[in-house]
Structures are given as structure tokens and as C-alpha cells.
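Please keep the sequence and the model in view while reading.

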Amino acid sequence: YVVIGKRKMSPRTFQAILQKTVNRYGTGVPVVIRGDREVLHQHISALTDVCKTVGIWKVKFAAIISEGS
């Protein structure tokens with residue numbers, strides 16, 4: 001699943017939201033993909049594929065450091 005704010009959603013819903021955003025603001029909209037050590041690479045890759053599909057090219061990555069790490 002994907003979380004925007006505190007709202008969980010499917011990758012399909014995420015893509016729909018990104019598409020609406022691109023339609024309104026263009027493809028220069030920045031996206032930050034954050035994950036911790038538990039997130040599998042395939043999930044991050046799926047999100048970058050969604051960004052590519054809707055034409056977003058400003059993608060940054062951030063790592064979350066968990067307490068106790």
C-alpha cells in the first residue's frame with residue numbers, strides 16, 4: 001500500500017491521484033518516496049514506475065530511521 005499524509009491507498013489509487021495532479025499542475029510536480037529498512041525494493045520500484053507512467057520526473061528518495069536501529 002501507499003500512504004499520503006495518513007491515508008493508506010492502493011498503488012492504483014496512488015496512480016489516479018498522481019494523474020490528476022499532473023493534469024492540473026504539469027509533470028514538474030516533485031514526489032518524495034520514503035521507506036524504512038522493511039520496505040522491499042520491488043515496492044519502491046513499483047512507485048517509481050507509477051511516477052514514470054504519469055510523466056513525473058522529479059522523484060526523490062528518503063530513508064526513515066526507525067527507533068531502535
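## The largest pocket and its surroundings

In this predicted model, β1, α1, β3 and α2 each contribute at least two residues to the lining of the largest pocket, where helices (H or I, at least four residues) and strands (E, at least two) are DSSP runs numbered from the N terminus. β3 gives the most to that lining, with five residues. The lining comprises 20 residues, and those nearest the centre of the pocket are Tyr1, Val2, Val3, Arg34 and Leu47. A pocket is an open set of points on a 1 Å grid over the protein atoms alone, where a 1.4 Å probe fits, with protein on both sides within 12 Å along at least five of seven lines, and lining residues have an atom within 4 Å of a point. The space in the largest pocket comes to about 700 Å³, a volume being the space filled by probe spheres set on the points.

| Class of lining residue | Number in the largest pocket |
|---|---|
| nonpolar | 15 residues |
| polar | three residues |

Helix α1 covers residues 11-25, and its 15 residues should span 21 Å at 1.5 Å a residue, which agrees with the 20 Å between its end C-alpha atoms; the expected span is 1.5 Å times one less than the number of residues. Phe14, Leu18 and Val22 of α1 are buried, that is, under 20% relative accessible area with a 1.4 Å probe and protein chains only, whereas exposed means over 50%. Because the buried residues of α1 fall within an arc of 70° when seen down its axis, they line one face of the helix, the arc being that of the directions from the helix axis to the C-beta atoms. The face turned away from this buried side carries the exposed residues Arg12, Lys20, Asn23 and Arg24. After α1 comes Gly26, with a positive phi near 95°.

The protein chain as a whole has two helices and four strands, in the order β-β-α-β-α-β from the N terminus on. Of its 69 residues, 20% count as buried.

Residues are numbered from 1 along each chain as its sequence is written. Local features need pLDDT of at least 70 and side-chain atom pairs count only at pLDDT 80 or more, while totals for chains, interfaces and linings use all residues, and side-chain values use heavy atoms, with hydrogens and water left out.

How values were computed: Nonpolar A, V, L, I, M, F, W, Y, C, P; charged D, E, K, R; others polar.
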